[in-house]
Amino acid sequence: MQKLIIKGCKELTGKISISGSKNATLPILAATILAEHVKLKNIPLVKDIFTMLDLLKFIGLKTSLKKNKNLIEILNKKKDVNTLAPYKLVKTMRAGVLVLGPLLTKYGKAKISLPGGCAIGTRPVDLHLFALKKLGAKIKIKNGYIIAEAKKGLKGCTIRFPSISVGATENAILAAFKASGKTILYNSAIEPEIKDLILFLNKIGGNIKITGRKITILESKKTNKKVFHSIVFDRIELGTYIIAGALIGKKIVFKKINPSVIKNEIKILRKMGVQIKIKKTEITVLKSKNIKKINVITKPYPGFPTDLQAQLLVLMTRAKGKSKIKENIFENRFMHVPELKRMGANIQIEDQVAVITGPSKLTGAEVMATDLRASVSLVLAGLIAENRTIINRIYHLDRGYEFLENKLKNCNANIRRI
Ligand code: UD1
């Protein structure tokens with residue numbers, strides 16, 4: 001089993017290039033079921049993407065990945081495909097459920113394994129099914145599978161989500177793509193990854209508009225033959241490395257990104273005293289002293305993302321006084337806390353709120369990663385801890401962070417994988 005070993009307290013300096021967004025690539029890969037021939041650039045080479053490609057191949061699409069160019073070409077010219085997403089491919093990556101909408105709307109049926117719970121919470125798919133039923137799908141659950149049918153095709157309608165879900169919004173957009181007439185989604189998620197999905201769908205022949213939390217989808221009647229799309233940058237990866245810079249950076253530069261996508265996060269970090277310089281397509285984080293306490297609540301975009309909660313919490317251990325972070329999206333997303341406490345952090349959990357009293361000096365320890373973002377928070381803690389930190393179960397990290405050690409090593413970090 002691989003581990004990461006970090007010798008902490010080494011100041012970071014250099015440039016970090018930000019990869020394409022994993023969370024944008026996954027729904028766009030699912031959307032290629034609706035296309036004929038696409039080339040996607042800026043694909044992050046991480047485990048979840050390989051799992052999604054395995055799923056597409058299982059369904060019957062032809063995929064060819066050029067790893068050295070982060071480019072993938074996908075062909076889907078068959079009339080008949082395998083409309084099944086088996087348990088073995090969905091259990092490790094919940095986003096597998098996103099093929100449900102495209103398969104159903106294009107082929108009239110789909111059998112998708114229920115993804116089940118995961119470490120950070122129960123993570124149901126009721127909102128996905130609610131939207132598909134509104135569009136006219138007949139759905140039953142049998143032997144752990146969602147069995148969906150729409151023999152005469154889906155029908156455009158109005159859907160008002162009772163609560164905001166990224167995945168359910170994506171599945172609904174994908175299903176509505178070929179639903180007859182017009183579909184309007186209210187109370188949708190509007191993450192930048194959803195905007196990238198819409199951009200891609202419009203390139204392959206869609207007619208989709210987004211206004212506030214309202215998304216209007218007109219039936220797509222033609223499919224464009226050959227489409228090229230470059231995946232949007234990973235705002236969570238960017239946020240993670242900005243926090244690394246805030247923790248122990250001298251000067252870290254990020255180029256070819258759009259700072260306005262994370263303006264709310266930048267506002268919060270600046271309030272904490274993080275020195276951030278912004279240009280049109282560039283961010284620089286400078287050495288930041290006197291980190292200040294703050295209270296933050298995770299919310300759907302444009303609010304502070306749950307996917308940066310664990311990383312921000314590490315920065316809070318540096319702040320003088322009591323900081324609070326409320327986890328508003330997932331019910332069990334503080335699993336990094338016991339490990340951070342073992343490294344010397346002073347954190348109390350009260351319901352869904354973590355109260356961090358700082359500043360505390362962290363010291364290296366052998367710790368265990370529990371999910372993707374929790375794992376990277378342990379890496380951040382290792383970077384500022386005295387002595388050696390050993391992180392176990394790093395397969396979680398490999399699901400979502402491309403070339404993590406190399407990117408940090410290039411900035412002088414002492415980190416290696418064994
Ligand atoms: C996506 C992201 C994940 C991020 C999350 C929230 C991908 C591949 N993953 O996950 O990194 O942490 O958004 O920003 O893009 N819910 C229901 N019923 C449903 C669906 C969701 O109750 O049918 C609940 C969830 O349990 C959770 C909340 O809604 O409490 C938000 O989840 P959702 O936005 O759907 O997250 P994902 O799309 O799974």
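The following conversation walks through selected features of a predicted model.

Visitor: What does a search of the whole structure find in the way of cavities of 30 Å³ or more?
Guide: The model is a predicted one. The search finds one cavity of 30 Å³ or more, and the volume of the largest cavity is about 30 Å³.

Visitor: Which residues line the largest cavity?
Guide: The lining consists of S19, G20, P44, V46, D234, E237, G400, Y401 and E402.

Visitor: And how does that lining divide by class?
Guide: Three of the residues are nonpolar, three are polar and three are charged.

Visitor: Turning to aromatics, how many aromatic pairs does the search find?
Guide: It finds one aromatic pair in the whole structure. The rings are those of F130 and F161, with centres 6.4 Å apart.

Visitor: Why is the pair of F130 and F161 called tilted?
Guide: The planes of the two rings stand at 55°. Planes under 30 degrees apart would count as stacked and those over 60 as edge-to-face, so an angle between these limits is described as tilted.

Visitor: Where in the chain do the two partners sit?
Guide: F130 belongs to helix 5, residues 126-134. F161 is in the loop between strand 10 (158-160) and helix 6 (166-176). The two residues are 31 residues apart, and the pair links distant parts of the chain.

Visitor: Is F130 buried or partly exposed, and what about F161?
Guide: F130 has 28% relative accessibility and counts as partly exposed. F161, at 2%, counts as buried.

Visitor: Staying with helix 5, which of its residues are buried?
Guide: L127, H128, L129, A131 and L132 are buried there. Their cover includes helix 4 (100-107), strand 8 (138-142), strand 9 (145-149), strand 10 and helix 6.

Visitor: What happens just after helix 5?
Guide: G136 adopts a positive phi of about 105° at that place.

Visitor: Which residue lies over the face of Y145, and which over Y186?
Guide: K111 is placed over the face of Y145, 5.0 Å from the ring centre. R160 is over the face of Y186, at 4.4 Å from the ring centre.

Visitor: Next, the backbone. Where is the peptide bond cis, starting with P302?
Guide: The bond from Y301 to P302 is cis, and its omega is near 10°. P302 is part of the loop between strand 18 (295-297) and helix 10 (309-316). A cis peptide bond also joins G358 and P359, with omega about 0°. P359 is located in the loop between strand 21 (353-358) and strand 22 (366-368).

Visitor: What is the phi of C9, and what is that of D351?
Guide: C9 is not a glycine, yet its phi is positive, at about 70°. The phi of D351, also a residue other than glycine, is positive and near 55°.

Visitor: Where do C9 and D351 sit?
Guide: C9 is in the loop between strand 1 (4-7) and strand 2 (12-15), and with 43% relative accessibility it counts as partly exposed. D351 is in the loop between strand 20 (346-350) and strand 21, where it is exposed, with a relative accessible area of 73%.

Visitor: Back to helix 10: why is helix 10 described as largely enclosed?
Guide: Eight of its eight residues are buried, so the rest of the structure largely encloses helix 10. These residues are Q309, A310, Q311, L312, L313, V314, L315 and M316.

Visitor: What is P300 in contact with, leaving aside its neighbours within four places in sequence?
Guide: The contacts of P300 are I164, E191, R213 and I329. P300 is in the loop between strand 18 and helix 10 and is partly exposed, at 26% relative accessible area. Its C-alpha atom is separated by 28 Å from that of I139, 161 residues apart along the chain.

Terms used: Residues are numbered from 1 along each chain as its sequence is written. This is a predicted model: local features need pLDDT of at least 70, side-chain atom pairs count only at pLDDT 80 or more; totals for chains, interfaces and linings use all residues. Side-chain values use heavy atoms; hydrogens and water are left out. On a 1 Å grid over the protein atoms alone, a cavity is a set of points where a 1.4 Å probe fits but cannot get out, and a pocket is an open set with protein on both sides within 12 Å along at least five of seven lines; lining residues have an atom within 4 Å of a point. Grid points are joined across faces, edges and corners, and a volume is the space filled by probe spheres set on the points. Ala, Val, Leu, Ile, Met, Phe, Trp, Tyr, Cys and Pro count as nonpolar, Asp, Glu, Lys and Arg as charged, and the others, Gly among them, as polar. Rings of Phe, Tyr and Trp (its six-membered ring) pair if their centres lie within 6.5 Å; planes under 30 degrees apart count as stacked, over 60 as edge-to-face and the rest as tilted. Helices (H or I, at least four residues) and strands (E, at least two) are DSSP runs, numbered from the N terminus. Buried means under 20% relative accessible area, exposed over 50%, partly exposed in between (1.4 Å probe, protein chains only). A charge sits over a ring if NZ of Lys or CZ of Arg is within 6 Å of the ring centre and within 35 degrees of the ring normal. Contact means heavy atoms within 4.5 Å.
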